[in-house]
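The sequence and structure come next.

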Amino acid sequence: MTPPKKLFIKTYGCQMNVYDSERMAEALGGQGYVTTDTQDDADLILLNTCHIREKASEKVFSELGRLKLLKDERPNLKIGVAGCVAQAEGDEILRRAPVVDLVVGPQSYHRLPAMEAAVQAGARALDTDFPAEDKFEELKARPKAARGPVAFLTVQEGCDKFCAFCVVPYTRGAEVSRPADRILTEARGLVEAGVREITLLGQNVNAYHGHPGGLAGLIDDLAKVDGLERIRYTTSHPNDMDEALIVAHGTQPKLMPYLHLPVQSGSDRILKAMNRKHTADQYVDLIARIRAARPDILLSSDFIVGFPTETEAEFQQTLDLIRTIGFGMSYTFKYSTRPGTPAAEKPQLPDDVTTDRLHRLQSLITKQQRSVQESMVGRDVSVLFEKAGRMPGQVIGKSDYLHAVHVPAPVQMIGYVRRVRITTSGPNSLGGELI
Ligand code: 5AD
Ligand code: SF4
């Protein structure tokens with residue numbers, strides 16, 4: 001028997017890339033590949049890339065520079081680029097980086113096995129189509145191998161919103177929803193393999209329309225799957241938070257009390273320039289409705305500072321909005337010019353202005369995050385245990401509110417949800433005791 005070939009996938013960017021990397025590894029499993037944790041013994045290295053900000057794209061070309069040295073030592077090593085940089089810059093990658101054998105976009109990776117065969121025969125392969133066929137249908141059924149208690153499941157891809165700064169509508173294409181029955185089948189398979197919590201993924205997940213009841217309808221059906229204990233979803237757009245989904249947060253016990261709902265800015269003029277199609281007040285009203293349905297929900301958001309023409313007063317409105325809402329955590333970004341997007345045409349702010357705003361934004365976000373974490377001390381939460389801690393006798397899990405919680409408990413607890421009393425709050429996690 002020939003020994004299995006080894007595949008190393010390096011994943012950049014969002015959770016959907018994490019999911020895609022798993023599916024690519026499964027697809028290549030049929031070609032005799034097993035995954036490895038190190039590039040040193042790999043026969044094929046795939047970079048699953050992110051194009052969302054300039055820095056993310058640059059990382060790919062510097063990584064390819066390093067991989068060239070590895071390939072000089074091992075000429076049989078094959079190198080592929082997948083994901084959104086592949087989609088946006090496929091031809092350019094092949095031209096600029098002779099080390100690359102294969103380029104595959106996010107919608108074409110079901111064709112990886114055929115591409116890999118072509119590469120083994122000496123060709124260079126490029127596929128960045130938006131094919132008519134559904135890649136999830138073309139991919140083989142997912143293997144039943146045992147897995148950890150949490151998993152991602154892509155239910156929707158692409159985005160029709162065209163925010164003025166964002167490349168996603170170009171790299172991931174138009175919104176497409178997977179049919180609910182296929183998602184339920186995949187979810188049941190994951191649960192049989194040991195999964196207890198599923199995070200439904202989509203670039204615009206709450207615009208999901210593969211179920212007559214929308215995302216709320218899908219969540220209700222998923223909640224009926226025995227053994228699945230927790231459901232989350234990400235990432236959502238404020239304008240797609242429909243009434244049924246808001247209600248579900250109050251009525252569906254398996255839907256966790258955490259919502260990532262990016263607002264990007266607190267200034268109406270900037271929101272308009274960003275093409276977000278809602279105002280700051282509309283966002284505040286929406287949050288009030290969500291909190292009426294589920295008062296303890298923990299909210300998080302994304303913020304961009306230094307969007308072209310943003311003034312200090314408009315930046316202050318972002319800080320005001322954050323003070324009004326009170327977020328449990330948030331992601332902060334300096335505006336990054338993306339070629340081909342409408343905002344790229346506008347004059348950019350000086351970097352020192354943007355950096356200064358980023359620091360002030362981060363300090364407010366961190367303050368809120370700490371105070372929300374500290375408010376958890378003394379409370380009882382549910383924790384799904386995921387892995388052993390670094391200290392012996394300690395296991396780590398996530399609370400319903402997505403806080404990491406360290407608890408003295410046996411490793412046999414992994415895969416189970418238990419009530420935990422929170423006793424301490426550290427910089428990035430909580431500590432607690434089994435009740
Ligand atoms: N510059 C900075 N941040 C961006 N994001 C998307 N595009 C850009 C850009 N050009 C951020 C948004 C989005 C998150 C995934 O990435 O905040 O919600
Ligand atoms: Fe990008 Fe999200 Fe806007 Fe879509 S809704 S364009 S993915 S920022």
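Which residues are around ligand 1? Counting a residue as near when one of its heavy atoms lies within 4 Å, the residues around ligand 1 are Ile52, Arg53, Phe165, Gln264, Asp302, Ile304, Phe333, Lys334, Tyr335, Ser336 and Arg338.

The model is predicted: local features need pLDDT of at least 70 and side-chain atom pairs count only at pLDDT 80 or more, while totals for chains, interfaces and linings use all residues. Residues are numbered from 1 along each chain as its sequence is written, chains are lettered from A and ligands numbered from 1 in the order in which they are written, and side-chain values use heavy atoms, with hydrogens and water left out.

| Residue and atom | Ligand 1 atom | Distance |
|---|---|---|
| Arg53, side-chain N or O | oxygen | 2.8 Å |
| Asp302, polar side-chain atom | oxygen | 2.6 Å |
| Ser336, backbone N or O | nitrogen | 2.8 Å |

Ligand 2 is surrounded by Cys159, Lys161, Phe162, Cys163, Phe165, Cys166, Val168, Pro169, His237 and Arg276. This shell has seven nonpolar, one polar and two charged residues. Here Ala, Val, Leu, Ile, Met, Phe, Trp, Tyr, Cys and Pro count as nonpolar, Asp, Glu, Lys and Arg as charged, and the others, Gly among them, as polar.

An automatic or database assignment supplies the domain bounds: domain 1 (5–127), domain 2 (141–256), domain 3 (290–375) and domain 4 (380–434). The C-alpha centres of domain 2 and domain 4 are 25 Å apart. Eight residues of domain 2 are in contact with twelve of domain 4, contact meaning heavy atoms within 4.5 Å. The two domains bury about 720 Å² between them, 60% of it on carbon and sulfur atoms; buried area is the accessible area (1.4 Å probe) that two parts lose on being put together, summed over both. On the domain 2 side, Pro149, Arg230 and Arg232 lose the most area to domain 4, together 60% of what that side buries.

Between domain 2 and domain 4 there are zero salt bridges, a salt bridge being a side-chain nitrogen of Lys or Arg within 4 Å of a carboxyl oxygen of Asp or Glu. Four residue pairs are in polar contact between domain 2 and domain 4, both residues at pLDDT 80 or more. The model's salt-bridge count comes to 35. One of them joins Glu186 and Arg142, with the closest N and O atoms 2.9 Å apart.

Methods: Polar contact = N/O pair within 3.5 Å; in protein donor to acceptor, adjacent residues only side chain to side chain.
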